[in-house]
Amino acid sequence: MLSTSSITRSLARTIPRAVSGTSRTPAFRLFLRCQSTSHGNNNLNKNELPFKFSPTGPKLVKYSKDHEWLAMHADGTTFLGITDYAAAALGDATYIELPEADTEVDANDSIGSVESVKSASEVYVPVNGTVVEGNTDLESSPQLINSDPMGKGWIAKLKVDEATNKDILDKLFTLEQYEQFLKSDE
Amino acid sequence: MLKRCYVLPKLNTFVYRSQRHIQTKAPFDINDTDDQYKELNTMYSDMFSSYPKNSISNGTPTETDSSSECDDLNKEFQDLFQIDNPNLSGQELERNVKSPGRFILKSLSNNPYYNLALEDYVFRNTPVSKNITQDVFPNHRLLFYINNKCAVIGKNQTVWQEVYLSELQKQGYELLRRLSGGGAVIHDLGNVNYSFITSRNEFHSSFFNELILKWLYLFDKTLPITLNKRSDILFDGKKCSGSAFKIAQGKAYHHGTMLVNSNLDNFHGLLKPKDTPGVKWDSPSVDSVRSNISNISLESTDRFVDICIDGFKTDFKGSSPNEIPVFFCNEEETINDEILSTIDTLKSDKWKYFSGPKFDIEFLDKQVLISCEKGMVTKSNVPGLEGTQFKTLWEDEEMHRNIYPNKF
């Protein structure tokens, strides 16, 4: 992670505090300030397992409005994690609740959560599938969620059938659409 | 104080019923010539209405009269105690929660399971636009509830690491695992909980406590209150309010405690210190940050709630011509299947003792090692422990004494 981006992020996080420190600003003015304006690179990290699982990389990378990413490989093996934007917004992760292997999941089920600074944030799976495993590296190193959310910090490995999930996959964002979604959010 | 509020809706109903009685047909025949009943009727009409005395004698009392004393009395109660409605029914709750718009909800129940389930219900069912480009979230909700004596640990904590279970039991404290993150806290009737529901977009961990600080200053600018780095509210440098957060489905809530007149002396010895001598924990479990605590110097929990309600009504009114409504609820009337099912989950051993992070515990003296996952012993150097429930093991006093003789 580039240090400049993390500085920008932490600055963005401190803005609301500084603004409202005066306690005179009307409540609604704050809302606009609260929304972080900095998110770096929501690209999959090409040097880690979610990308390198197949020699040619994933067949499909998609994003959800709940800020999850999905990297699907040719054999249906699919990695799931939260985006760089989401990780930055949550702050330092302290505990990752992982899904159990062999759990069948339906689209939009919660498959785990990321706890950061007293906040439990649910992680949803946007497609139907079966959990192969959770990323146990996160048990001892939850900070991977912050340092490499789109690589080492993957949360779940699933088996997903592309054909039966076609409609859902079509509706999920591409990287460009996700970036656009983030912009319209600000 | 809450008890008083609880009685009031009944008073309210009582007045309303009396009014209805004199306005609908009496359960006996009113005979104008019967002096005995006439006197009785006149007495009631004098007491409860401003009709001219002769109006009752014509046998057709007017159905409604906005200036009747009953209405005045009702309104007076409402204004004085902010009771616009008696408790919501389950259906009314559902309608209000699922409809857009802001509201305040005050639970008159002290059952911690009900209150946490109610909060989760409101949170899950609050609408959020699929297309989240609105400038300001229009469906903020603010809840208040007070719980009977209980210890509440965070979603991702380990029961045995956080609390002295036997001590809680002895002193009559319930144990709960909540749905949000954060550390362990103790509640009693002198502590009031607030919960602010907003969109994920707008959520910021210090936002709502900064507002509370502002509102408290407006009430009394000499209050020695500050926010610390974890966005907790300090009174005279000691923590009087702790916060935790939950983010799901494009929404978020910030809930917090406010110690007003809690019996803090009784809180001692319920939560475990960071380190217990002779015991070594190894777990990714979320740490509790131990803090000195204090009550805030307000005369009652109701005072705190009223300050927040006033502030919320002012700062969140927006461009709406209507005042933000305050609803009341309790577990007898304001209930539905979803809330009941969450109560069951929260009460279940599965949620309390068989979920949460895995952990290794080592009793240094006897060199006993136990590894646990989801409340089950997965590994131990003591033969026969594998596959047993850690909860059962912990409750077995003899076993416990053998492994660790001190307070547990």
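Analyst: In this predicted model, helix H8 of chain B, residues 207–219, packs against helix H9 of chain B, residues 301–315, at an angle of about 110°. The axes of H8(B) and H9(B) are 9 Å apart. Because angles of 65 to 115 degrees count as roughly perpendicular, H8(B) is roughly perpendicular to H9(B). The crossing of H8(B) past H9(B) is right-handed.

On the H8(B) side, the contact is made by Leu211(B), Ile212(B), Trp215(B), Leu216(B) and Phe219(B). H9(B) contributes Ile307(B), Cys308(B), Gly311(B) and Asp315(B).

Helix H5 of chain B, residues 112–125, packs with helix H10 of chain B, residues 337–347, at an angle of about 125°, and their axes are 8 Å apart. That angle makes H5(B) oblique to H10(B). The crossing of H5(B) and H10(B) is right-handed.

From H5(B), the residues in this contact are Tyr113(B), Tyr114(B), Leu116(B), Ala117(B), Leu118(B), Asp120(B) and Tyr121(B). From H10(B) they are Glu338(B), Ile339(B), Thr342(B), Ile343(B), Leu346(B) and Lys347(B). The contact of H5(B) with H10(B) divides into 9 nonpolar, 1 polar and 3 charged residues.

Next, the wider layout of the chain. Chain B is divided into domain 1 (2–81), domain 2 (90–277 + 284–347) and domain 3 (359–403). The C-alpha centres of domain 2 and domain 3 of chain B are 35 Å apart.

Arg177(B) is part of strand E4 of chain B, residues 174–177. Arg177(B) counts as buried because 24 C-beta neighbours lie inside 10 Å. Leaving aside residues up to four places away in sequence, Arg177(B) touches Ile153(B), Lys155(B), Trp351(B) and Lys352(B).

Lys374(B) sits in the loop between strand E15 (368–373) and strand E16 (376–380) of chain B. Its phi is near 50°, a positive value in a residue other than glycine. Most residues other than glycine have a negative phi. Lys374(B) is partly exposed, since 14 other C-beta atoms lie within 10 Å.

Chain A gives a point of reference. Chain A has 8 helices and 9 strands, and buried residues make up 43% of its 186 residues. Of the contacts in chain A between residues at least 6 apart in sequence, 62% join residues at least 24 apart.

His67(A) also has a positive phi, of about 70°, although His67(A) is not a glycine. The loop that holds His67(A) runs between strand E1 (60–63) and strand E2 (68–72) of chain A. With 26 other C-beta atoms within 10 Å, His67(A) is buried.

Lys52(A) belongs to helix H3 of chain A, residues 49–52. Lys52(A) is partly exposed because it has 14 other C-beta atoms within 10 Å. The C-alpha atoms of Lys52(A) and Gly151(A) are separated by 9.8 Å, although the two residues are 99 residues apart along the chain.

Note on methods:
Residues are numbered from 1 along each chain as its sequence is written. Chains are lettered from A and ligands numbered from 1 in the order in which they are written. This is a predicted model: local features need pLDDT of at least 70, side-chain atom pairs count only at pLDDT 80 or more; totals for chains, interfaces and linings use all residues. Axes are lines fitted to C-alpha atoms, for helices over the stretch in contact, and angles run from 0 to 180 degrees between N-to-C directions. Helices (H or I, at least four residues) and strands (E, at least two) are DSSP runs, numbered from the N terminus. Angles under 35 degrees count as roughly parallel, over 145 as roughly antiparallel, 65 to 115 as roughly perpendicular and the rest as oblique. A crossing is left-handed if the near helix is turned anticlockwise from the far one by less than a right angle, and right-handed if clockwise. Two residues are in contact if their C-beta atoms, placed from the backbone, lie within 7 Å. Domain bounds come from an automatic or database domain assignment. A residue is buried if 20 or more other C-beta atoms lie within 10 Å of its own, exposed if 12 or fewer, and partly exposed in between; C-beta atoms are placed from the backbone. Ala, Val, Leu, Ile, Met, Phe, Trp, Tyr, Cys and Pro count as nonpolar, Asp, Glu, Lys and Arg as charged, and the others, Gly among them, as polar.
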